[in-house]
Amino acid sequence: MALPTQESPKTHHLSNITSQTRVHHEYVPETLSQARTEHSFPDDLHPVNSNGLEKTSSHLRNTRTKLGLHPGASISEDHDIAERQDFLWSRIRLVLREPFAEFWGVFIMVLFGDGSVAQVLLSAGQASAPGGDGFGPYQSISWGWGLGVMLGIYVAGDSGAYLNPAITFSNCLYRQLPWRRFPMYLLAQFLGGFCASGVVYANYINAINKYEGHGIRTVPPSRTATAGIFCTYPQPFLTKPSQFFSEFIASAVLMFVIFALKDSSNNGVPKSDKWFPLALFFLIFGLGACFGWETGYAINLARDFGPRLMSYIVGYGHEVWSAGGYYFWIPMVAPFCGCVFGGFLYDVFIYTGPSPANSPWMGLKQLVRPDFAWQVRKERAKKAREAGMV
C-alpha cells in the first residue's frame with residue numbers, strides 16, 4: 001500500500017487498486033465498489049504502490065493477510081493517515097474491520113427480522129390494535145426480514161455484506177473470495193445472529209411472559225409457543241425430504257439471483273451497486289411471501305443456529321433441537337447445498353466470466369483436485385503481476 005507523498009497527495013491503496021484493476025479483466029473487479037463487495041483478489045495478490053506503505057492500515061497488513069483479509073483496510077485516505085488510527089482500538093478495528101462489519105450487518109438483519117416475528121406473534125388478537133386484531137399480519141414478517149437484509153447490507157458494505165455463511169462459501173467457491181476468510185466471516189455472522197436475538201428476547205421478555213405465562217417457554221407445535229420468534233420450525237405435516245427441499249430451493253433461488261445482480265455483464269440489472277440492497281429487499285420479501293410458510297425460510301445458518309442456541313440458553317429447553325424430528329440441522333446444511341447449486345446453475349447457463357463452472361469438466365477437476373484449483377489461482381495471480389498490476 002502506498003504512503004501518500006507531497007508529489008501525489010491523492011495516492012491511496014484503494015484508489016491505486018481502482019485505477020489498476022482494468023488491466024486484467026479476467027478476474028479483477030472493474031470498479032472500487034466491486035472490489036469492496038466481491039473481494040476478487042486471490043490470497044497472494046497484494047496491490048502495493050511504489051511509494052511505500054500506508055501509515056496505519058498497511059502496517060497491520062501482515063496480520064490482516066494471515067486472517068485471509070485484504071491487506072489494506074477499506075477506508076478513506078483521510079481516515080487512514082489520521083493520527084487517531086495509532087490508538088490501540090483503532091488498530092484492532094482496522095485489523096478486524098470486515099468481520100466487525102459482518103457481525104453488525106447480521107445483527108441489524110436479525111434484529112429487524114426476529115423483531116417483526118415477535119411483534120406479529122405476541123400482539124395477535126389485541127383489540128386495541130388498528131383493525132382490532134394485533135399489530136401485523138404474516139406479510140409484516142416478510143417486510144421485516146426484507147428491511148433487515150437491506151439495512152444490514154448497507155451496514156456491512158465494506159466487508160462484501162454477505163451476511164450468510166452459505167453465500168460466503170459460494171463466493172469462495174465461484175468468485176475467488178479467499179478461503180481463509182470464510183472461518184472468520186462464519187464466526188462473525190454467527191455471533192451477530194446470536195447477540196441480536198438476545199436483544200430481541202430482552203426487549204420482548206415481558207410480552208413473552210404475558211403470552212405464555214411467567215417463566216414458561218415452549219416450542220412448536222405448542223399452541224402458545226414463542227420459540228419461533230428466534231429460529232425456524234417446520235410445519236408438523238412435512239416429511240424430512242420436504243423440509244430439506246423447502247430450504248434448498250429457497251437458498252438456490254437466493255444465490256442464483258444474487259449472482260445475477262452482481263454480474264456486471266448482465267444488462268438486465270442496474271450497474272450501480274447502490275441499487276443492490278434495494279433489490280435484495282424485494283428478493284427476501286418475495287422468498288418470504290412465496291416460500292416462507294412451510295419451514296420459515298431460514299436460508300441462513302447464522303440467522304437460525306445463533307438464535308436457536310440463544311433460545312436454548314435462556315430456557316426453551318432441549319426441544320429447540322428435537323422439534324420437527326430434529327429439524328435443527330436442516331437450516332444448517334440445506335442453505336449450503338442450495339446456494340452452491342444456485343450459483344452453479346447461474347454460472348453454467350448465464351455467467352460468462354471466470355468460474356470453476358466455466359473451466360474444463362465444468363469445475364469438477366478443481367473440485368476433485370484441490371491442488372489443481374490452487375494452481376489455477378496462482379497462475380491468474382502471476383498473469384496479473386506480469387500485466388503490471390503489482
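Arg61 is found in helix 3, which spans residues 61–66. Helices here are DSSP runs of H or I with at least four residues, strands are E runs of at least two, and both are numbered from the N terminus. Arg61 counts as buried because its relative accessibility is 18%, where buried means under 20% relative accessible area, exposed over 50%, and partly exposed in between (1.4 Å probe, protein chains only). Arg61 and Gly72 are 11 residues apart in sequence, and their C-alpha atoms lie 6.3 Å apart.

The model is predicted, so local features need pLDDT of at least 70 and side-chain atom pairs count only at pLDDT 80 or more, whereas totals for chains, interfaces and linings use all residues. Residues are numbered from 1 along each chain as its sequence is written, and side-chain values use heavy atoms, with hydrogens and water left out. The mean pLDDT (the predictor's confidence in each residue, from 0 to 100) is 82. A value of 70 or more is reached by 79% of the residues. Over residues 1–56, pLDDT stays under 50. The model has 157 contacts beyond four places in sequence for residues 1–56, a contact being heavy atoms within 4.5 Å. Where pLDDT is low, predicted coordinates should not be read in detail.

The protein has 16 helices and zero strands. Of its 390 residues, 52% count as buried. Among contacts with a separation of 6 or more, 74% join residues 24 or more positions apart.

The largest nonpolar core holds 64 residues. A nonpolar core is a set of buried Ala, Val, Leu, Ile, Met, Phe, Trp, Tyr and Cys residues joined through side-chain atoms within 4.5 Å. Leu254 and Leu280 touch the most other members of the largest core. Helix 6 gives the most to this core, with 10 residues. Another core, of five residues, lies apart from the largest one and includes Leu60, Ala73, Ile75 and Leu94. Beyond four places in sequence, Leu280 touches Val149, Ile153, Leu254, Ile258 and Leu261. In soluble globular proteins, nonpolar side chains tend to be buried together.

Helix 6 carries both Val117 and Asp114. Val117 is buried, because its relative accessible area is 11%. Setting aside neighbours within four places in sequence, Val117 contacts Ile141, Trp145, Gly228 and Ile229. Beyond four places in sequence, Asp114 touches Trp145, Ser197, Val200, Ile229, Phe230, Arg303 and Pro307.

Helix 6 (97–122), helix 7 (138–155) and helix 13 (319–326) each give two or more residues to the lining. The lining divides into 20 nonpolar, 10 polar and two charged residues. Here Ala, Val, Leu, Ile, Met, Phe, Trp, Tyr, Cys and Pro count as nonpolar, Asp, Glu, Lys and Arg as charged, and the others, Gly among them, as polar.

Some backbone angles stand out. Most residues other than glycine have a negative phi, and most peptide bonds are trans. The peptide bond from Pro220 to Pro221 is cis, with omega near 15°. Pro221 lies in the loop between helix 9 (181–212) and helix 10 (240–261). Tyr297 has a positive phi, near 40°. Tyr297 sits in the loop between helix 11 (276–291) and helix 12 (301–316), and is buried because its relative accessibility is 7%. Tyr326 also has a positive phi, near 55°, and its place is in helix 13.

Asn358 belongs to the loop between helix 14 (330–349) and helix 15 (364–368). Asn358 is partly exposed, because its relative accessible area is 36%. Beyond four places in sequence, Asn358 contacts Asp347, Tyr351, Thr352 and Gly353. Asn358 and Phe344 are 14 residues apart in sequence, with 9.7 Å between their C-alpha atoms.
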